[in-house]
Each structure stands twice: as C-alpha cells, then as structure tokens.
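Dear colleague,

I am passing on the structure below, and I would be glad if you could look through it alongside my notes.

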Amino acid sequence: MFNFIHLNCPTCGAQLRVSEDSQRFDCEHCGNNYLLSQKISELEPAERENILADSTYTHKLKQWLKVGDYEICLHEIQTVQQDGLNIFAISVEYRNNSKETLSCRRNQWTLFDPEGYAYDNDENDSKPYECLPGQMLGNHRILTPGSKVRGWVTFKLPTGTTVERLQFLTGNFSAKTAEYLLK
Ligand SMILES: [Zn+2]
C-alpha cells in the first residue's frame with residue numbers, strides 16, 4: 001500500500017499529492033516533472049517544506065525555476081542565420097534569492113540533439129549577432145544575494161542539426177539540473 005504526502009510544486013506552488021515511495025513527481029498544474037536523488041520518505045521535514053528537485057523537466061519558457069541555489073528563467077529562444085552559420089540563441093536571466101554569492105556562467109548551458117551529441121556555447125564575449133537585443137551573458141558573472149543578471153547565450157550549430165534538449169547545470173559538487181524539452 002502506498003502512503004501519500006502533500007508537497008508544494010517547486011515552480012508554481014500548487015499543492016500536490018505524491019507517493020512517499022517515489023523519487024519522481026509531476027505537477028498537473030504547470031506540467032513540470034521532477035526527479036529527486038532520494039525517496040520522498042527519506043527527506044527531512046524541512047526539505048519537504050521547501051522541496052528542491054535534483055532535476056526539473058519542463059516544456060515551458062518564461063517561468064522561474066529553482067535549481068539548487070539558483071533561480072533561472074529562459075525568456076526567449078531565437079534562431080539566427082548569419083554568415084552561413086546557424087545560431088541558436090537563448091535569452092536567460094538569473095536571480096539570487098539565496099544567502100550565498102552565485103557564479104553565473106554561459107558554460108552552465110548545453111544543447112543536446114536527439115542522438116545525445118552535446119553542443120557547447122559560443123565563446124564570443126562581444127555581441128556578434130546584431131539582431132539580438134541586449135547583451136551577451138558573459139563568461140563569468142558574480143551574482144550577490146538579492147541581485148539579478150540577464151543575457152544571451154549562443155550556440156553555433158552545424159547545418160541540419162535538430163536540437164532536442166537544453167540543459168542548465170549548476171556546476172556545484174552535487175550538481176542540480178533543469179532540462180528544457182524543446183520538442
Ligand atoms: Zn507546478
């Protein structure tokens with residue numbers, strides 16, 4: 001027999017009824033899916049109050065996701081053709097509601113195709129694509145508690161590449177991820 005407990009969705013705050021025995025749960029309100037590194041029954045009461053998933057899976061843009069100490073928002077995706085290159089550009093924002101200083105780096109973002117090949121982001125520091133409004137994220141931004149930063153991260157893709165998944169990785173020792181499912 002399963003026992004159920006109540007949790008709040010880490011993204012939208014909806015109250016969910018979740019099997020204690022599970023390491024995964026879904027939110028029927030925002031549609032996001034969550035994976036934990038342990039069973040819900042093994043979490044401390046304080047961790048259950050403010051649940052942080054090890055991986056968050058989403059199909060949606062323009063929502064704030066909690067990923068470890070980070071809060072991130074994928075605002076927009078643009079694809080650009082310039083000088084014979086296919087550029088996949090993402091507009092991302094970070095905010096720091098933690099008590100720690102956080103490091104924001106464009107290499108926290110990786111694109112994957114359906115075969116599992118990974119594409120690293122473009123190393124350009126200056127803004128190479130005129131059609132993108134605003135600034136690039138930069139390679140290393142320090143985010144003090146209470147502050148936020150926004151910028152573009154771009155990927156140069158070979159012609160014909162299909163992208164399936166965009167991953168954000170905190171990069172801490174025990175890394176947490178957000179996975180944007182693009183199809
Ligand atoms: Zn939700």
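The largest nonpolar core has 22 residues, of which Ile-72, Ile-90, Val-92, Leu-137 and Val-153 touch the most other members; such a core is a set of buried Ala, Val, Leu, Ile, Met, Phe, Trp, Tyr and Cys residues joined through C-beta atoms within 7 Å, where buried stands for 20 or more other C-beta atoms within 10 Å of the residue's own, with C-beta atoms placed from the backbone. At least two residues of this core come from each of several strands, including strand 9 (102-104) and strand 14 (165-169), while strand 8 gives the most, with five residues (strands are DSSP runs of E, at least two residues long, numbered from the N terminus).

This is a predicted model, in which local features need pLDDT of at least 70 and side-chain atom pairs count only at pLDDT 80 or more, whereas totals for chains, interfaces and linings use all residues. Residues are numbered from 1 along each chain as its sequence is written.

Leaving aside neighbours within four places in sequence, Ile-90 is in contact (C-beta atoms, placed from the backbone, within 7 Å) with Leu-74, Ile-77, Trp-109, Trp-152, Val-153 and Leu-166. Another core, of nine residues, lies apart from the largest one and has Leu-7, Cys-9, Leu-16 and Val-18 among its members.

As for the strands, four of them form an open antiparallel sheet in the order 6-7-8-13, with strand 6 (64-67) and strand 13 (148-157) at the edges, each pairing on one side only (pairing requires at least two DSSP bridges between two strands). Within this sheet, strand 7 (residues 70-82) and strand 8 (residues 85-95) pair over 11 bridges in the antiparallel sense, and Cys-73 stands opposite Glu-93 of strand 8.

Best wishes

Notes: Helix = DSSP H or I, 4+ residues; strand = E, 2+ residues; numbered from the N terminus. Buried ≥ 20, exposed ≤ 12 C-beta atoms within 10 Å, placed from the backbone. Contact = placed C-beta atoms within 7 Å.
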